[in-house]
Amino acid sequence: MEKLFAEVYVELKHRRLDRIFHYGIPPGLTDRIKVGARVVVPFGNKLHQGYVVNLVKRADVEKIKNIKELLDERPLFTPQDIELARWMADYYLCPFVAALECILPAGLKYENSTVIALLGSDEEAMSLLNSLKFMDTEAAEVLQFVLDKSSITRANLEKKFSGKNVARAIETLVDYGVISMKQQFRMTGFRREMSAILVRDEEISSDTQALANRAPKQGQLLSTLMDKKRLPVSLLLKQTGAPKSSLNALVAKGLVRLEEDTVAGKVIRQSDRPEVIHELTDKQEQVFRRVSSAIRDGKYAPFLLHGVTGSGKTEVYLRAVQRALEEGKSAVVLVPEIALASQMVSRFSQRFGEGIAVIHSGLSRAERLQEWMRVHRGQAKVVLGARSAVFAPVKDIGIIIIDEEHESSYKQDQVPKYHAREVAKARARQHEAALVLGSATPALESYLETQKRNYGLLTIDQRVTTRPLPVVAVVDMRQERRQGNSGIFSTALFQSLENCLGNGEQAILFLNRRGFASFLICDKCGFSIRCPHCDIALTHHTKGNKLMCHYCGYQQQVVTQCPRCGSPGIGGVGCGTQQVEEEMYRRFPDLSVIRMDVDNTRKQGAHQRLLDKFGSGEGSVLIGTQMVAKGLDFPNVTLVGVISADTGINLPDFRAWERTFQLLTQVAGRAGRGQRPGRVVVQTYQPDNPAVGRARTHDYLGFYRSELARRRQFGYPPFCRLIRVLITGQDEVKVKTGAEALSKVIKKNFLLHSAAGEILGPAPAPLAKIKGKHRWHLVAKSPDAEELKGVVSASLRQYSLEFDQQGTNLAVDVDPSGMI
DNA sequence: AGCACGCCGACT
DNA sequence: GTCGGCGTGCTC
């Protein structure tokens, strides 16, 4: 018997709709509807997009509607994609469709829009317009607008008449029968840019004069093109002011050719530098052999590769990927943020040339789609990219590598808040592939997995060159203050700077993130100036002498008196990159300093430009936040200074110490990469904190043990699993009561299941208000992962059925990486 | 989520 | 008597 019904998920991402709906397959579409294809279905009284997840012979539902339209003749999702999305939805407690849409590149999404068009003749519309003018001005205005445009999307109309009741006006006009509404599904991802090209520029010149006389616009187009040879159509028309028809005429005459723009420009795959294949050290060789045999075995095999900075992990990755290719399989390599990993891109492209695809956030939608298609078509069998590349449409994966696996950028900060490491695990299992997690400072969770024998442990404890790790000096700032030094630099750091710069070497100064850097605080009453919308300390910007909120962008003038107690002693505490820069110029007047922070790296490519500048020796000192910590390799840098380790240690987060340890280890790795030995100076008020102490001695295991003991004592991950739920909304009372209600439901369910779980909160989130939205959160916690998930998932369902949370939004975070 | 249905207050 | 508020319930 034929399979006449499709099981469909509708695109709407709501807990109540997160299930299968059955649709009939109309005669015209039998045999064409396949699992994994997208369709248009009538749902309620509108059309919506749907995803076909199964085909069945019968459906036990009373009323069944038919599928309206098929969007993909060839299915977009493989059964494995659907399986992966199921896993994600289940693990991250998100709607299935939300998970599925993660797998889909943005460029392939269809947008659901309503198109409004004139139904009858213009004359009919005009006569109605005249009578409406006196009865219903709003409807008249809308009609006038539609008349001018002849057709427009509803969304555009709403935008044009924002604030007015467009819906009613439209309804009126539809009732009069002057306009029609039609839903349309359009691909929005890639506008195909066309370029105009001159066909034969030699022979044209003689014709041009004659043509220019007869058709001046066409002449203008030609002469413009003669200068430029090739120009995007949109630009060309704008420059000449000629209509599209003139261009079309030239195309018809065979003088101009239109060609689709290639958008691959930004993805540089081949480097002109000759490839250096490094010999493997014994340690590297041992590691490679184990990974290699895992690839050959074709079984799921996860490894943690713990290699000190400079241990040559990249070369092992390259060989392992090569190995997978030799087996006829493909490979996925994830890096934290591609902008910071350009060295990785160039090494991979040197080795694999056109066979790699690069996918990251710096690409436009179209560029990303192009890379995606290359993978989809099997043109690239190696994918290198950031978090989302874990979903790349590769077939038959032999190995997945996650470099710097502890990095927090692997966790998506929007729903579904997945962690690429966990998704990679699920994919590696599906493909029976090897999985290599590489890091000098593995996440506590990952290292614990090796101890539990869930991951194989691969260790490289020596650098490729025998050069020792840099010496790390910890400066006790309490003592410094006692000795009367109230400046930014301790004596030790200042002397080290003098030394380093005196030798013509370079230094990096590292600060913690800027939101916590420079704020105004009253030295008498302790009042600090905070954002009225976001309730976080405003950051002082010397430029324009402004205070700015780094969440919503709110700005105000600097105050000179404390608004609470009136004391004139309100001033800056802590320091930002700008202050360090100023201090540097004060102490070393003829020095050139490069400052790098979120402000001056926002623009595309600005980041790399500053790094290149520093690399070429144009500046002696690089001052920056987190971004200078990662992956940089400048041989002439012999000194790294950490201005204050304390900001990191004291963040309100259970992972603060782990992060600080990782960060310090990483910045320390930036020193002494060339011939001369490196030195690291860390300033802190808490020299006894293990995050500082263990980083000083490069002792990962020591830190791991002490931190694990602390986590066990306080019941934090990895000994407990956490699910955090964030509730946001305009109305604080609604947000608060919602959080309390959900908390109550979870508590009750914990008791019913006699679970060991508990609830923290509900409480206002550490950032209690962002962009006018109040934020409350609660954390469910249990040592039993399955039970925790079961209880929270059931509670969420119950809550969403029993409480109408109008005006509030709910975001679930399974395994939150932080609590802020 | 989005929309219709439906039951109560202030207006032509 | 009518318009329109938003509580309730459904969507194959």
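Trainee: What makes the separation of Tyr700 and Tyr704 about one helical turn?

Mentor: The model is a predicted one. Tyr700 and Tyr704 are four residues apart in helix H24 (residues 700-714), so about one helical turn separates them.

Trainee: Why is the pair of Tyr700 and Tyr704 called stacked?

Mentor: The ring centres of Tyr700 and Tyr704 are 6.0 Å apart, and rings pair if their centres lie within 6.5 Å. The planes of the two rings stand at 25°, and planes under 30 degrees apart count as stacked. The pair is therefore stacked.

Trainee: How do you know whether Tyr700 and Tyr704 are buried or exposed?

Mentor: Buried means under 20% relative accessible area. Tyr700 has 6% and Tyr704 has 2%, so Tyr700 is buried and Tyr704 is buried. Tyr700 and Tyr704 also belong to one aromatic cluster with Tyr447, Phe661 and Phe703.

Trainee: Why is the pair of Tyr51 and Phe77 called edge-to-face?

Mentor: The structure holds 15 aromatic pairs, one of which is formed by Tyr51 and Phe77. Their rings are 5.8 Å apart, centre to centre, with 70° between the planes. An angle over 60 degrees counts as edge-to-face, so that name applies to Tyr51 and Phe77.

Trainee: What makes the pair of Tyr51 and Phe77 tie together parts that are apart in sequence?

Mentor: Tyr51 lies in strand S4 (residues 46-56), and Phe77 in the loop between strand S6 (69-70) and helix H1 (79-92), so the pair joins parts 26 residues apart in sequence. Both Tyr51 and Phe77 are buried.

Trainee: How do you know that the charged end of Lys781 sits over the ring of Tyr716?

Mentor: The charged end of Lys781 is 5.5 Å from the ring centre of Tyr716, and the distance must be within 6 Å. The charge must also be within 35 degrees of the ring normal. Lys781 is listed as sitting over the ring of Tyr716. Arg710 likewise lies over the face of Trp657, at 3.7 Å from the ring centre.

Terms used: Residues numbered from 1 in each chain as written. Chains lettered and ligands numbered in written order. Predicted model: local features only at pLDDT ≥ 70, side-chain atom pairs only at ≥ 80, totals over all residues. Heavy atoms only, no water. Helix = DSSP H or I, 4+ residues; strand = E, 2+ residues; numbered from the N terminus. Buried < 20%, exposed > 50% of the residue type's maximum accessible area, 1.4 Å probe, protein only.
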